[in-house]
Amino acid sequence: MNSIYVGVDIGSVSINIIAIDANNELIFKLYRRNTGQPVEIVKEALNELKKNLKDMQEVAGVGVTGSGRKLIGYILGADIIKNEITAHAAATTYYYPETGTIFEIGGQDSKLIIVNNGIPVDFAMNTVCAAGTGSFLDHQALRLGVPIEEFGALALKARRDVRIAGRCTVFAESDMISKQQYGFTKPEIIKGLCRALVRNYMNNLVRGRKLSGKYIFQGGVAANIGIKAAFEEELSHEVIIPEHYDVMGAIGIAMLVKEEIESKGIKTSFRGFNITRDNFVTSSFICEGCANECEVIKVESSTEVIAMTGDRCGKWSDSVENQISYRQETFAR
Amino acid sequence: MKISFPYMGPTLIYAKLLELLGHDIVMPNRPSRKTIELGVKHSPEFACFPFKVLMGTYLEMMGKGIDTIVTSGGHGPCRAGYYGELHKKILSSLGYDLDFIIFDEPKRDFKRFFQYVKRLKADSSWFHVARVVYIVYRMSKSIDKIEKIVTTRRAYVSNKSLFNRTWQNILEDYSRIRTLKDISEVEKKALKKINKFNYQLPPEDERIRIGIIGEIYVVMEPSVNNNIEEIINYFGAEVERSQYLSQYIDETIMPFKGKEVKEIFRKADDYLEIIIGGHARQSVGHIVDYKERGFDGIIHLKPFGCLPELITQSMLDKISLDLDIPILSLSIDEQTAQANLMTRIEAFIDFIKYQKASKKERMVVNE
């Protein structure tokens, strides 16, 4: 049997599922918008993957990352549930061992990862709000009546520069409206927005850090060549966009799971493709057993309770037989 | 007089102090989401987070017949210095008139400090007061000693939820203490309980030690900082924090114990020569101290709206670079999302692991 490893990235805007083989070659890739029903999307994607599998190919490990990793991780029976920062760094340092700086801009997160000799050493993540991420651009594209796919290319057609206040989505919007009235064209406004986003990124994340090349730009927003151009202008240096820029998180988590499975020689806890025919229900309640008042989350399939999590003392999570215990998932306020 | 007090860290110690002095006390609730919501609702928006949590804590206790609240004042030019007065005013505007006994550093206004002590002393003899203070002081030393073992060991024991329950039981044992002799017995019992857990200590160069620094309330109170020490332990790292109650007592009350604080102050000298309020100077000093003691990373906790720690935060990039130690700064308030916190802490510890592993590899190659 040939082993393949599945990586799932449950982001706020998109859900990405990929599979790699034992040589880290990408053999399956799917990028879907997250319409708010991640479980359904993941099920569809699994069916798709199953159709694409060749004879003798077998899922040997599953890893889940992204802000929605917890729930999907339990449903899939993932071997690793891990944060997206580590996952992104893993994929990029594999493809570009000489990376110095990774810019990752997704739907609602933006991240900066500093790499030294192939080892990720420092990171920053947007703290205050989502201004300067994909959702912001999405919203502005909609307002300008430009499809998001064409948004970036349009910025390159701008002939003049216009400065848009980009600190806050709401203020950016009112600034855009007034600049439109001054007679600036759509491409110019869009270019202004791209530069505002990059300026924001530099102020909030880079904050005076010394950056060094190679510069790698990934995440959904890397599709926008207007932003790439704005980064290059800011840095006066070339910025590289990886071939699979939109699913780097998923690739990274698949690589991490592969490493884990291979080095420990363990069998995957993946529940198998049958889960696409099952129904899953999640519910939550506040445990009143003690003063901690943990919020306990319960995941059920049609036949059994799969997981209970969120309790600090183990009262609920220990009650589920065969629950995979993920170290990171046992806290509540 | 029916007394209560804020909830912070090993709260059972303040309870024990007042209880042994013969007062009728009401134990405050551990801050919950409800406490925080209540506090946020009745606090000025720009007050820092600890103010809001305390506000909520007090409001939750109204109706239990409390007439006096004992609390501490601020440190240097920090807004916490007038928080007691402001809490009193807000409670009074809501129809609750209470007495506040606010302990500032004795050296600031010794006369008032002494008057407050006399009020709490009530009918006890001075001999009894000295004895009680000593018992409580020793108790806090003992708890802190055990807790440091807990936050080291918990990184390695496999059944962490059982370990947590055991730690809760130990604290309950402490709350039953009445004499000095009880303390050593409870401590012995506690060590026995902890030692029952098997654990495998990794080789020295694979151990990861994290130091927590920052504002005292968010550093010391787990219900407010999302149980950050537990989270760090669960990701397989040991943890120590810059503030422990016994240390706080040493700093502020004990007459001949200021030496260690002075040493920490001295270590901050390269970055911060004066006291700018709160525990900012200690925070910086502790980073240097942790580095000297071979720690691998620092997590800085800043309550949203805290002015002294905002200044500390702006120095962190430089300190991190100078000392070659990773620092993660987290802002804590009612908006803090657990998922976000976990993401950052896990990535932070992952990166430290990678760096340690690569350093080790390079050493092997060089040999």
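Trainee: At what angle do the axes of helix α6 and helix α11 of chain B cross, and how far apart do they come?

Mentor: This is a predicted model, so the values are computed from it. The axes of α6(B), residues 126-153, and α11(B), residues 245-252, come within 7 Å and cross at roughly 140°. Antiparallel would need an angle over 145 degrees. That makes α6(B) oblique to α11(B).

Trainee: Which residues of α6(B) and α11(B) meet?

Mentor: From α6(B) there are Tyr137(B), Ser140(B), Lys141(B) and Asp144(B); they meet Leu245(B), Ser246(B) and Ile249(B) of α11(B). The residues of this contact divide into three nonpolar, two polar and two charged. As a general idea, an α-helix has 3.6 residues a turn, so residues three or four places apart point the same way.

Trainee: At what angle do α5 and α7 of chain A pack?

Mentor: Helix α5(A), residues 148-155, and helix α7(A), residues 186-206, pack at about 95°, with axes 8 Å apart. The two are therefore roughly perpendicular to each other. Phe151(A), Leu154(A) and Ala155(A) of α5(A) make the contact with Lys186(A), Pro187(A), Ile190(A), Lys191(A) and Cys194(A) of α7(A). Here the division is six nonpolar, no polar and two charged.

Trainee: How many residues does each chain give to the contact between chain A and chain B?

Mentor: The size of an interface is often given as the accessible area lost when the parts come together. Here the reading is a residue count: 26 from chain A and 30 from chain B. On the side of chain A, α3 (84-95) and β8 (119-125) are the elements that give two or more residues. β8(A) gives the most, with six residues. That side divides into nine nonpolar, eight polar and nine charged.

Trainee: How is chain A divided into domains?

Mentor: Domain 1 takes 2-88 + 249-276, domain 2 takes 97-241 and domain 3 takes 279-329. The C-alpha centres of domain 2 and domain 3 of chain A lie 40 Å apart.

Methods
Residues numbered from 1 in each chain as written. Chains lettered and ligands numbered in written order. Predicted model: local features only at pLDDT ≥ 70, side-chain atom pairs only at ≥ 80, totals over all residues. Domains from an automatic or database assignment. Axes fitted to C-alpha atoms, helices over the stretch in contact; angles between N-to-C directions. Helix = DSSP H or I, 4+ residues; strand = E, 2+ residues; numbered from the N terminus. Parallel < 35°, antiparallel > 145°, perpendicular 65-115°, else oblique. Contact = placed C-beta atoms within 7 Å. Nonpolar A, V, L, I, M, F, W, Y, C, P; charged D, E, K, R; others polar.
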